[in-house]
Amino acid sequence: MSAILMDISAFEPALRAGKLIVTANNRQKNQILRAFNSQQNNHSWVAPRVLTLSQWQQQLWVRYQLSGLPDNDLSLIGAHQRDYLWRVVIEHYATAQQLLQSNRLISQAESARMALDAWLCPIQTLREAQQTNETSHPFDVWYLAYHKALADYRLSTEENIQHLLIHAINAGHLPFEEGALLYGFDDFTPLVTQFIQAALPNAETITSQTNPNQVHLQALTDTPDEILQAALWSNRILQRQPDAVIGVVIPNLGQIRHQVEGIFQSVFSPLQPMPTTPAEVAPYNFSAGTPLADTPIIDAALMLAQGLLKKHNLTSACDFIGNRYIGQYSIEWRTRQQAINQIRKKAAQQYSLGSIRQVFSDLPDIESDSEELYTLQRCLVKVASQSRNWNAQKKFHHWKQELLQLLNLFYWPGDRVLNSMEHQQVAMFYQVLEELDTLSLVHPICSFWDYLESLSNTLRRTPFQAQTPDSPIQILGTLEAAGLQFTDLWVMGMHNGAWPPAASPNPLLPVQLQRDWGMPKSSSERELNYAARLTQRLLHSAPQVVFSYPTISGDRHLQVSRIIEELCPAHSMNEVVLTEQSTQQKNYLTVSTLSKLEIVNCEYAPALPPGRLPGGTGILKMQATCPFSALAKFRLGARAFDEPILGLSALDRGNILHQILADFWQTVGNKAALIDMSEEKIQQLFASLIDPVLAKANNQLNQTLGPRFIAKEKIRLIKLLNKWIDEERQRPDFTVTAIEQLYAIDLSGYQLNVQVDRIDTLDGKGTLIIDYKTGATATKNWQAASFFDPQLPLYACEINPSEVQGISFATLNSHSTAFTGWGDNISIKGISEPESESWQAQLQVWREQLSGLLNEITTGYAPVDYRFEQSKRFEQDLISLNRINEHSELARWSQNRP
C-alpha cells in the first residue's frame, strides 16, 4: 500500500463540501487526493476539487482564450522556445567572454526576467538602478529584446498571463472563486498575491501541522556519516513499526543523490549488486530525479545519433559497440566483444565510423551454425549513405522523423524486453521529442546536428523520476518536504555554512535593486527569514524530528546552524545514533569471526595438458619472473589493455623499425653489398623503405598522424638507422640468411611458434641469432642465478643448435646502438663469452633451466613469487588478483586464528 504523507483532518470538511483547494505543488495535491480516497468506503464518490496554483491558472486561461478577449490568441511559451529566444538575444548582445557560458547565462537571464515581472518592478526603475551603478549589467536592453521577440511570435510568459487574468477578473469577464483554501505556500510574489486576491478572494490559508514531542539535535562526523546514521535510524524504525512513514530531508539532495543512494543500498539491500540477487523494490524513494540524458537507455540513443559521424576515442568506441540498447545485442554479443578486444589491442587515439566497420570486417568468420549476425556492422554500412543530407536545413519535425528512422535502423532500444523503469524513460523521451517540435515556431529550420544539440540540452535539463508507489521512506529536498507529514523525520546538513543558504543575487540585475524589492536570494536577511519559515514547517511535520549536521567538511570545522540551535537545544542522542552495523557490515563481521574457515593452498593451478603452449615464449619469460603472473596472463587471460597515446607508442615505433630493417636486409643481403653501396644510395633506400611503412602505420591509427609528425619521425628514423649501419659495417663478413622467419618448436610435447627477427651466417663460424630491441637489454638475465629472459636462449637450444654460435640483442634507441650478447669466439664488439666454460656447456645449462620452467608451467605451479623484483612495478594491473599487498596480513591472521 502507498504511504500516506498527509493529514487532511484540517480541511476534510472543505473537501466534502466541494470547495476548491489550491496547493503549492503537485506532490501536495496528490497526497491530499490519496489521503481522501483512502477514507472512502463506497465504490464511487465525487472527486474533490484539488488543484495546484498553476493548474487553476491554466483553467482560467483556457476560459480567457475562449472568451474573445484581447490577446486571447497568445500561447504560453514553452521551455524550449524560451531558451531559444534567450539564446538569440544573448548571442546578439553578449560579449565573447559571456558566450563561453551561454547556457548558464540563459538561466540567469530568465531568472532575472521572472524577478522583474513577478515583483512588478518597472523597467524604468531598472534603468535608473543601472545608471547609479556603473558596473551593472545593461539587462534592460536584453529584457526589451526578449519581450519584443515574444510579441513577434505571439507568445506569452506566465507572468503576463497572470496580468491578463487579473484585468479580466476585475473587469467581470471571468468569474472568481469564493471560499477557496490555500495549502503549502511559504512565500508569494507580489504578482501572485494580486492574482490570488482577484481570482480567489478571501481565500483561507490552511496549515496541517503536527506538534513534535521529540526533537533531537545531533552532531556527526561528516556527510557520509550523516547519511549512514539516517539510513540505520530509518531501518530500525521500520523494523519496529512497519507502517511508519519516514522522511529524510537533505537540502543538497540533487548534488549528492548518488552518494545517498549507495549508502542506503548498503544498509537495506547489501547484496543487490550481486548478479544472482533478484531485483527487489527498495523501501525508499527519492524526490530528486536524475537528468533523462544520464539514464543508460537514453544515453545510448544520444550516443548513437551524435556519434555516427564524429571521431570516437577508445572508450566511446567500445561503449558504442558494446551497448546493449543498440542492435541485436542478445544474439551478437560475442561478436561485439571480439570487436572490442580488437579495438583495445590497437589502442588508437581515434576511431571513425569507417574504422569501426573495418574492425568487424577483420574479425574471423562466424561459424555457420552460430546464431550471431553482424547486425551492427550492417547498420553502420546503411547509415553511411543516410547521413549525407544531415547538413541540410530542415524543420524540426523532419529531423524528428529522421532521428526515429535512425533509431529504428539500429533496433533501439534493443532486442530484449524492457523493464518498467526503461519503459518510463523511453516514453518520456518520445514526449520530449514531441515538445521539441514546438521550437519550429521560433526556429523554423536547422541542420540535423543543431537539432541533436537542442535535443541533448533538453534531455539534460529534463529530470526523470520513476513512477513508483510511495515507499515508507521518502528522501526529499527541503522544498519537496514542505507541507507533508511523517511519523518520523530526519533533516540533514543543518550546519552554519549551509543553513540558511548564502545570499546569491542575480548577477544581471543591480544588487541594491534586488534587495530594495525583496527579490529571491538577494540578501542574507531574506534568506534567513525564508530558511526560518521552512525550518518551522519541517519542525511540525512529524512527532519525532531529528536535525543533524556534519562537524567536518574537507579541512573545515563546522558548527550547527543558529536557526536550529535556537529551535532545539542539544539532547543526549544515545537513543538516535546507532552503534549497530549495516547488513553488509554484519556479513563481513560474521565471516571474519568464523573459526571453521578453510585455508586453500593456491600454489598449484590445474595441470596444463600437452598441446599448444599458450603465450609462446612470453609464458616462459613470465614464469621465470613470477609464476602466478604467467598463469593469470597466459592461461586465464587477465590482461590490461594498453592506453591510447598521442602519436606513436613504443610498441608502434619498435614494429616500424623491425619492418624497415627487415626490408633493408631483404634488399642488401650481406656485408659485402652494404660496403659496396654509396652513402647516397643508402639514404635513398632508407627513404623508399620508411615512407610506405609510416603510411601503413598511419592507416592503422586512423590517419591520426599529421604530415609534420611523419616528417619528424622520418628524420628520427634515418638518423637512428645511419648509426646502426655504422655498427654493421664494423663487423666481420656476414650474410643475412633468415629475416622474420617462423619456426615451430616442440618442447616435450608442447608446441609453440616463434618468429625470429634475424639470423646471420658468420664467415665460416656458424650462425648468430639477432633480436632487435628498442628498449633496455641485459645479458645478466641469461645467467643461471637470474634466468629471467629465456627467449634467445630458447632459440639457441631449439633452432638448429648445432649451427648456432651466438645470440645477441641489437639495441637501437637514442641512447645506444650496439650488439649485446654471448657467443663462442665471435669478434663483434659487445658479444662476450658465455657464463659457462664452453658454448655447448652453456646450451646444456639453458636446456635444464628451460625444462624446469616448462615443468612448472605444465604442472600448474603458480605461487605469487616475484623472483625478479623489478617486474612487480610493471604488473600493477594484477594486484587485485594476486593480492600481494594483503599477504602479510593474511599470514598473520592464519597463524593467530583459533
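**Figure 1. Surroundings of Ala 339 in the predicted model.** Apart from neighbours within four places in sequence, Ala 339 is in contact (heavy atoms within 4.5 Å) with Ile 321, Val 359, Phe 360 and Leu 363. Of these, Leu 363 lies 24 residues from Ala 339 in sequence, with a C-alpha to C-alpha separation of 7.1 Å. Ala 339 belongs to helix α15, residues 329-346; helices (H or I, at least four residues) and strands (E, at least two) are DSSP runs, numbered from the N terminus. The relative accessibility of Ala 339 is 0%, so the residue counts as buried. Buried means under 20% relative accessible area, exposed over 50%, and partly exposed in between, with a 1.4 Å probe and protein chains only.

**Figure 2. Crossing of helices α3 and α9.** The axes of α3 (residues 53-66) and α9 (residues 158-170) come within 10 Å and cross at roughly 65°. Axes are lines fitted to C-alpha atoms, for helices over the stretch in contact, and angles run from 0 to 180 degrees between N-to-C directions. The two helices, α3 and α9, are therefore roughly perpendicular; angles under 35 degrees count as roughly parallel, over 145 as roughly antiparallel, 65 to 115 as roughly perpendicular and the rest as oblique. On the α3 side, the contact is made by Gln 57, Leu 60, Trp 61 and Tyr 64. Helix α9 contributes Glu 158, Ile 161, Gln 162, Leu 164, Leu 165, Ala 168 and Ile 169. Sorted by class, the contact of α3 with α9 has eight nonpolar, two polar and one charged residues. Ala, Val, Leu, Ile, Met, Phe, Trp, Tyr, Cys and Pro count as nonpolar, Asp, Glu, Lys and Arg as charged, and the others, Gly among them, as polar.

**Figure 3. Packing of helix α27.** Helix α27 spans residues 627-635, and its buried residues are Pro 627, Phe 628, Ser 629, Ala 630, Leu 631 and Ala 632. The partners against which they pack are α26 (617-625), α33 (839-859) and α34 (879-882).

**Context and conventions.** The protein chain has 35 helices and 25 strands, and 47% of its 898 residues are buried. Among contacts with a separation of 6 or more, 74% join residues 24 or more positions apart. Residues are numbered from 1 along each chain as its sequence is written, and side-chain values use heavy atoms, with hydrogens and water left out. In this predicted model, local features need pLDDT of at least 70 and side-chain atom pairs count only at pLDDT 80 or more, whereas totals for chains, interfaces and linings use all residues.
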